[in-house]
Amino acid sequence: MSAPLEELSTRSQQRHYGDRSLHLLSAAATALIVLMLAGILLDIACGGAGVVSWQFLSTYPRRGMTEGGILPAIFGTAALTLLMTVAAIPAGVATAVYLTEYASPRGAVARLVRVCIANLAGIPSIVFGLFGLGFFVTTLGGGIDRLAYEGKVTYGQPCLVWAALTLAMLTLPVVVVTTEDALRAVPRDLREASTALGATRLQTVLRVILPEARGGILTGGILAVSRGAGEVAPIMFTGVAYFARDLPTHLNDPFMSLGYHAYVLATQSPDVDRTKPLLYGTALVLLGVTFALNIVAIALRARSRRPSFGHT
Amino acid sequence: MAATSLTKIESRGTREEPTIAVSLRRRTRWSEAIAEGVIKATALVSILSVALIIAFITKEALPLLLSADVHREVTPLDLLVPRSSGGFVWQPVSAVPKYNVLPLFAGTLKVSFIALAVAIPLSVLAALYVSDFATRRLRETLKPIIELLAGVPSVVVGFFALVVLSTWVQRVFGTEHRLNAVVAGLGLSFAVCPIVFSISEDALRAVPASYRAAAQALGATRSQALLRVVIPAAMPGIAGAVVLGFGRAVGETMIVLLASGNAALLDVRWGHSTRTVTATIAQELGEVVTGGPHYRVLYALGALLFLATLVINILGEAVIQRMRGTVRATR
């Protein structure tokens, strides 16, 4: 009687070990991924904390970018992402409205739009850079110069507007997907109630559905800005400058950006040890901006999960 | 002036009421139609974008196949088969330019392989933890944290790899070059992990609870149920996650540009400096003559990259879609 009992208990112990080791192993893997994130954050924060000051944020680079601040890079990134949003959000929201409110779900056009959105999201960012140079800068910009400026190089060069439009194409899927989720979350009864009150489809979209989904649309915009602010490869050949003496004021000005500035400091500096603090400072500002935006987006999304009308 | 127009409106309002109602309705219909037209036209932007990207990358790359001018310096065959003197070398800026692309593709595969070798086990195990071991509350915290990793700009990850990971790798493995395929691969795994994690976690959570209950009712332990029932059931989704993670790795530019060392040699040794397709385009496009042979070759590399990621992504999506179908069917 004692032998089988013993055997049973060892077997149950073995079973216990199996469960426990898988539990521990998977927990360790999770911890490691969280540590990767924490590692980057801590390293950049510690390296950059001593550098980032009001002076660093508000002055120009000096002495071949081995001293001074990053004002033009901050301003350039802000101008770039603002212009990008102006293009990407209307296009993205209209696409999402088309997909949820106008298109028949199994229609050929809607399916093609979906395929193209998924495709856009998967294209490597450097390919967007190649495209932006070939299409926006050379073809479109060159064409504008021939037509309106008698061939004088005005828009046929890498500049702010082409970089912003290239980024807008890259971030379009982010806006579409987030907005579509938000529109689908608007309860059906609201649409029906609006129609029953005599509203047309357009009135329903403009006065009921879009206001109800504004949290989701905002989230999409924030995620797009966060993504766009961190991208370097697509703007490398379409507008960003190694150094620009003036802040960009026209659509055809070159500009500096935080990401590209960090890349330049990391690879093309004559004196790496002297630029390293500046590099950490730039990386910290960029990381801080994208991170803050991401966290706001997460918070917004969590809030918008709670239904505003008590529907479920 | 104002008074007259006011009376006009009033008189209209009283005498011609029916016509006004009709015209109003017609106007709303018009504006409705215009708005619908605008929305539909804007929705086509995505289709137009993809079409333009394909058209213009092809347009810039095509002379490599067709133009005799370009062929004087490089023919499409030169990309694959080494010229008599050169061997497998990518050296476009030299007295005799050499355009063999095999070192670049080898570099891309090498770096992606390291990234996946690190990211797959980590992310799939983490997905298993979050879907099956973590409490609901912990899951709600961990998921956004891991997905935040995807929000770190790749140039920042590249910088981190350049400064911190390279030192660690050299200390641990004693590599010959400070920047090499291992450093780039580790850096790249930071970008791949969040993708593989979130798709795998979705896949694991899509496996119905009844599978777990049935396995345990038959006497399986929790780990047996997970390893022999739940993971196999979620396998297509996990495979899709891996394929999409591979697509991300192949397309990533800034991390490998900063961390790989950028030596374009056909070299199988892990600890040696290497260069990928994306990094080559990023590094060289700024310095080439527009329309020259080198420019055409870089666009051709872009076209190949586009095609490769397209195929990889379609494959990944197809695998995931099939998984959704089978899980739903058995539910």
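1. Basis of the model. Because this is a predicted model, local features need pLDDT of at least 70 and side-chain atom pairs count only at pLDDT 80 or more, while totals for chains, interfaces and linings use all residues. Residues are numbered from 1 along each chain as its sequence is written, and chains are lettered from A and ligands numbered from 1 in the order in which they are written. The model scores ipTM 0.89 and pTM 0.88.

2. Confidence in chain A. The pLDDT, which is the predictor's confidence in each residue from 0 to 100, averages 87 in chain A, where 91% of the residues score at least 70. Helices and strands are DSSP runs numbered from the N terminus (helices are H or I of at least four residues, strands E of at least two). In chain A, confidence is highest in α6(A), at a mean of 94, and lowest in strand β2 (residues 67-68), at 76.

3. Confidence in chain B. Chain B has a mean pLDDT of 84, and 87% of its residues reach 70 or more. Over residues 1-23 of chain B the pLDDT is below 50, and this stretch has one contact in the model beyond near neighbours in sequence. Two residues are in contact if their C-beta atoms, placed from the backbone, lie within 7 Å. Where pLDDT is low, the predicted coordinates should not be read in detail.

4. Make-up of chain B. The secondary structure of chain B comprises 14 helices and two strands. Of the 331 residues in chain B, 46% are buried; a residue is buried if 20 or more other C-beta atoms lie within 10 Å of its own, exposed if 12 or fewer, and partly exposed in between, with C-beta atoms placed from the backbone. Among the contacts in chain B with a separation of 6 or more, 72% join residues 24 or more positions apart.

5. The largest nonpolar core. A nonpolar core is a set of buried Ala, Val, Leu, Ile, Met, Phe, Trp, Tyr and Cys residues joined through C-beta atoms within 7 Å. The largest one has 192 residues, of which Val156(B), Phe159(B), Ala161(B) and Val196(B) touch the most other members. Not counting residues up to four places away in sequence, Val156(B) touches Ile40(A), Ile44(A), Ala283(A), Leu286(A) and Leu287(A).

6. The surroundings of Gly239(A). Gly239(A) lies in the loop between α9 (214-230) and α10 (258-267) of chain A. This residue counts as buried because 32 other C-beta atoms lie within 10 Å. Gly239(A) and Gln157(A) are 82 residues apart in sequence, yet 7.6 Å apart in space, C-alpha to C-alpha. Leaving aside neighbours within four places in sequence, the contacts of Gly239(A) include Pro158(A), Cys159(A), Leu160(A) and Phe255(A).

7. Asp253(A) and the helix α10(A). Asp253(A) is also found in the loop between α9 and α10 of chain A. With 18 C-beta neighbours inside 10 Å, Asp253(A) is classed as partly exposed. Its C-alpha atom and that of Gly239(A), 14 residues apart along the chain, are separated by 8.0 Å. Beyond four places in sequence, Asp253(A) is in contact with Cys159(A), Leu160(A) and Pro248(A). As for α10(A), nine of its 10 residues are buried, among them Tyr260(A), His261(A) and Tyr263(A).

8. Arg146(A) lies in helix α5 (residues 125-148) of chain A and is exposed, since 12 other C-beta atoms lie within 10 Å. The C-alpha atoms of Arg146(A) and Cys46(A), 100 residues apart along the chain, are separated by 51 Å. In chain B, Ala206(B) belongs to helix α9 (residues 181-206) and is partly exposed, with 17 other C-beta atoms within 10 Å.
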